[in-house]
Amino acid sequence: MIEFIVRRLLVALPVLFLVSLISASIMELVPGDPASLIAGQSASDVDIAKVREQLGLNRPFAARLGDWYLALIRGDLGNSILLNRPVTQAIAERVPTSLALAGFALLLTVVIGLPCGVIAAVYANTWIDQAILSFALIGVSVPNFWLGLMLIVLFGVMLDWLPAGGYVPFADDPAAWVKCLILPGISRALLQVGLLARITRATMLEVLQQDYVRTARAKGLPVVSVVGKHALKNVLVPVITVIGISFGLLLSGSVVIETVYSIPGMGRLLANAVFGRDYPLIQGGLLVTAAVLVLLNVVVDVLYAVVDPRVKLGRG
C-alpha cells in the first residue's frame with residue numbers, strides 16, 4: 001500500500017510541473033501589465049519601467065520561470081505582486097475556507113444524492129423514481145450562480161433566515177460558520193447531487209439484477225437488508241469515484257460561488273490574481289490546487305481497497 005502511494009505521488013510530479021508551466025505560459029501571453037496597475041493610471045512610462053524593474057518583470061520569461069522553479073524546490077512560491085507578501089501565506093489563509101465550503105457541499109451531495117439514487121433504483125419505474133430523476137435533472141440543469149442569487153434573494157433578503165454573504169471562521173463562531181456555508185453549499189452541491197443520484201441509480205439497478213441479490217430476495221430477507229448488506233457495498237466502488245470527482249469539481253470550480261457570496265476562498269483569490277496579472281500568485285495557487293486534486297485521486301484509489309478487498313493496489 002505504501003509503495004503504491006509513493007509511486008503515485010512520484011508519477012504526479014510531471015503533472016504538477018506541466019500545470020505550472022502551462023499556467024505560466026498562458027499568463028505570459030495574456031495582454032496586460034501588473035506594473036501599470038501598481039504604478040497607477042497617472043504614472044508615466046518611466047515610473048512603469050521602474051516598477052517593472054523592481055518586480056523583475058523586465059527579465060526574460062525563461063529566466064523568471066527558472067528562478068521560480070529553483071525557489072519552489074526550497075518550498076518558496078515567491079511573493080505576490082498585488083498583495084506584496086509571500087504567496088504561501090496568502091494561500092494558507094484562503095485554503096481552509098475553500099476546503100470548508102467544498103467539504104460542506106460534498107457532505108450535502110453524499111447525504112442527499114446517495115440515498116436518492118438508491119431509493120430511485122429500488123422503486124424503479126414508479127412515481128418515486130420519476131420524481132427523483134426530475135429532481136436530479138433540475139440539479140444538473142440549473143446554473144449554480146443563478147441558484148445562488150435566487151437563494152440570496154429568498155433566504156437572505158426576503159426571509160432573512162441566513163446570511164446573504166460573507167464568511168465567519170469556525171474558531172470565531174461555529175454556529176455562524178455553519179450558517180455562512182448553507183446557501184453557498186446548496187448552490188455548489190445541487191449539480192453534484194443530481195449527478196451522484198443518477199449514477200447511483202444506474203449502478204444499483206445493475207447490481208439488483210445479480211443472482212446473489214435475487215437469492216437474498218428469494219430467502220425472504222427485508223428490502224433494507226438486501227439493499228444495505230448485499231447490494232450497496234458493491235455499488236460503492238463506482239460511487240466513490242463519482243464522489244472523488246465531485247469533490248475535485250467543488251474545490252476547483254468555486255470561483256463563481258465565492259464571488260457571489262463574497263467568500264474569501266482560493267477561487268476568489270485566483271480570480272483577483274488573474275485580473276491583476278499576479279503571476280506568482282496564479283502559478284502558486286494553481287500548483288496547490290493541482291496538488292490537492294492529485295492527493296485526492298490517491299485517496300480515492302486507497303478507498304477502493306478498503307471498500308472492496310478484491311482491489312489490489314500493490315501493483316500496476
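Biologist: How many positive and negative side chains does the protein chain have, and how far apart are the centres of the two sets?

Modeller: There are 23 positive and 19 negative side chains, with the two centres 11 Å apart. Lys and Arg count as positive, Asp and Glu as negative, and His and the chain ends are not counted. Each charge is placed at NZ of Lys, CZ of Arg, CG of Asp or CD of Glu.

Biologist: Where do these values come from?

Modeller: This is a predicted model, where local features need pLDDT of at least 70, side-chain atom pairs count only at pLDDT 80 or more, and totals for chains, interfaces and linings use all residues. Residues are numbered from 1 along each chain as its sequence is written, and side-chain values use heavy atoms, leaving out hydrogens and water.

Biologist: How many helices and strands?

Modeller: The protein chain has 13 helices and zero strands, taken as DSSP runs (helices H or I, at least four residues; strands E, at least two) numbered from the N terminus.

Biologist: And what does the C-alpha trace span?

Modeller: About 85 × 55 × 35 Å along its principal axes.

Biologist: What share of the residues is buried?

Modeller: Of 316 residues, 41% are buried, meaning under 20% relative accessible area with a 1.4 Å probe, protein chains only.

Notes: Buried means under 20% relative accessible area, exposed over 50%, partly exposed in between (1.4 Å probe, protein chains only).
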